[in-house]
Amino acid sequence: MERIAEQIRKEASRLLDSGEVELVVGFKKGTIPMVNRPWFARTPEEAKEFHWDGFCNLNLVNYLTKRKGKVAVVAKGCDSRSLVLHFQEHQITRDQVVILGVPCHGMLDRRKLQRAAGKKEILDVAEKNGSVILRGKELELVLPREEALQHCCTICEHRNPVLADMVLAPEVEERKTDRFSDIAQIEAKEARERWNFFRKILSTCIRCYACRNACPHCYCPECFVDCSRPQWVGKSQDPDDVFTFHLFRAFHMAGRCTDCGSCERACPMGIPVRLLTRKLEKEIKERWGYEVGLSLEGIPPLATYRPDDPQDFIM
Amino acid sequence: MDAKMLPKADVSGFLGELRGKGYEIWGPVEVDGAVDTMPLDGTASPVTEYWNSRVSPKAMVFPQSERMFVFSVDRSRPDAFILKEVEEPCIGRLAFAIRPCDARAFGILDKVFLVQGAWQDPYYARKRESMVVMALGCNSPCTTCFCHWTGGGPFSREGVDIMMTDLGEGFLLEPVTDKGRELLQGIDLPGASPSNLEEAKGLQDAATAAMGEPLDPSHIRKRPLLEMFGDSYWERAHEACIKCGTCTYLCPTCSCFDIQDEVRGPCGVRGRNWDTCMFPLTTLHASGHNPRPTGKERFRQRFMHKLRYFLDDFGTIMCVGCGRCVQFCPVNIDIREIIRELRG
Amino acid sequence: MERSEQKEGSWEPKILAFLCNWCSYAGADLAGVSRLQYPHNIRVIRIPCSGRMNPAFIVAALRNGIDGVLVSGCHPGDCHYLSGNYFARRKFTVFKSLLEYMGIEEGRVHFSWVSAAEGEKFAQVVKEVTEKVKALGPARNYVKERIEVC
């Protein structure tokens, strides 16, 4: 991890020094354990603050939308796919971005770690040799890294950047994972059961929109929740309105979500919103064999068609 | 001595007795590993070993959504065009085992909603009026707690009617106000012994000492206002912020709201919902102009309001140092850093 | 919009039909002119093209007390705007599966291709959709109740 941090600092400094980019977006160490702050360096001096560890969960492409000028960004596998989508959707151009690719072994889930530590406050987290070491007052706990990963990372099939100008660490072995068996389990329930299931998991939603704001691909100048004529979704805590917000947001992610997990990481209530976005990922994969953000030539599936698309559901 | 001891095994009995007297009790409840402040109707037991709830107890007096009144324009109805209130009157809400920072926060909300000699928010007032606060002091404050910067502390008695201290086997209940004293006198519990009181004092002093030196945020007042407002610091400070509502919604003192009518056919309801300065819609004018057009202005607004405007108006910053925003911000915006920066 | 009546044993579903102007609406018109009988439960909303259909309309319908929705457009290849129905086809399949996944019963939302010459087909489609929705009963779990206070 420290080696990657050094590489990021080195490359960022070089790019800023030479004037090749005006800004480098990466992470700076957080003021509390288990979270890091997105950091915007504009000088080689500022680039010294870049940091890398298992808590660099958020998708930094979120900060690139409609940005002007040349910028470098630190990108994991999922982030690089988001960048590809951003290029396809013309949110930023390819020649504006220098991609500092970082092959990723998975990011850690602070909630899983806190659950393991129980009621004790975690004051320090160290990562060493495939283990995560938690330290605090009367707390010393070692966990295997695989048990502490954020869920999206446990089923990730693109841990290496799919597009990068430079790769700052050794490649990670890609593997096929079981991405959809939990979705299939929900699909197998009865309609009423599914309704109740989603109402329950959405019951703690406080409509903070952290999920939406953390997502690079939610960039509408006016979000549908703010539309008042007509008002598609009410602003109150009426459970039907909360449900509708998540329903629409998930649909907007169809064929666009790279499963970076930023939405779940940002959510203060720990709502598993990816159960919705991954259902759509499954549909898109099964029907049209498409995966988001793998190549610049791809076209998001809802923005295109084939005359012979399946239509078994149409009367 | 009017302090009493509440054995932990007797907590449900105690709450049941209070419920019998007509109190509507709210307290911290653990669901799926997370703690939130919720009504305690007897089905769920409160948790008393916890750091703090996610959503603060401000929902007791200022719920996220509330219906102000309903109306119908259907002329065939006898109540057409009459605004009808739908809320039930609140008898006596009792906050059980909330933290002293959250207890202080009610005092700050009072400054906004109950303006002395002027306007009193009726929806807030009717819930707040007969409220009793039993605050559970913090034996081991978290590192993200900074209540002592804001004039509070792990056992601060401001806004508290009965102070609870966890002594292991039970809670020491010390009345702070007459309201608290009266409540305790009406409940049959063993009196606290001198050694209970001594033990509690030891824990309280230790907790306060463990928090370290406070920083005095009132120095923020010293800089000229417009200079602080125009400082280029805000250009960089806001960059990482994703302008969601996490900090404002979890904050025990944030009080912005939006009033909106929702109608269908001839019927409608006027509701009040939490709003946040972080959303662009909050300040969007009907003309389309937005005086806080970008995230920078909104970010600046949040901290200027909390740390300067409120301080100028009311002599205290609009923050009780609970640390929720620090713990839950997805991008690690840390208000403590901003306080240090604004102090100079 | 009033909710459908719920009398003992005589409940009739209220179904909203979004018909594309050039094909399905004309097909419905042909059914009328040909005096073909079909259930009276549908209310027609004419849209220029099935590609204009916004999934939010389906949700808005359900939340306002509508029991079923039918969206109908031109056959693939016949779209007046060339490709609107192709995009609609992809949109519908994804949205339908998401709606059902989240617990809206299968059988509430339907899609069809009906051409301007298919008056008979239109009547048949409406018959089938009405039967399916009737069998499901009133759509109540997603109606916006908060306003029902008066």
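In chain A, strand S1 (residues 23-29) runs parallel to strand S3 (residues 71-75), and three bridges link the pair; strands here are DSSP runs of E with at least two residues, helices are runs of H or I with at least four, both numbered from the N terminus, and two strands pair if DSSP finds at least two bridges between them. A:Leu23 has A:Val71 as its bridge partner in S3(A). This is a predicted model, in which local features need pLDDT of at least 70 and side-chain atom pairs count only at pLDDT 80 or more, while totals for chains, interfaces and linings use all residues. Residues are numbered from 1 along each chain as its sequence is written, with chains lettered from A and ligands numbered from 1 in the order in which they are written.

Turning to the partner chains, the contact between chains A and C takes 30 residues from chain A and 34 from chain C, where contact means C-beta atoms, placed from the backbone, within 7 Å. On the chain C side, H3(C) gives the most, with twelve residues. For chain B, the contact takes 32 residues from chain B and 30 from chain A.

Notes. Contact = placed C-beta atoms within 7 Å.
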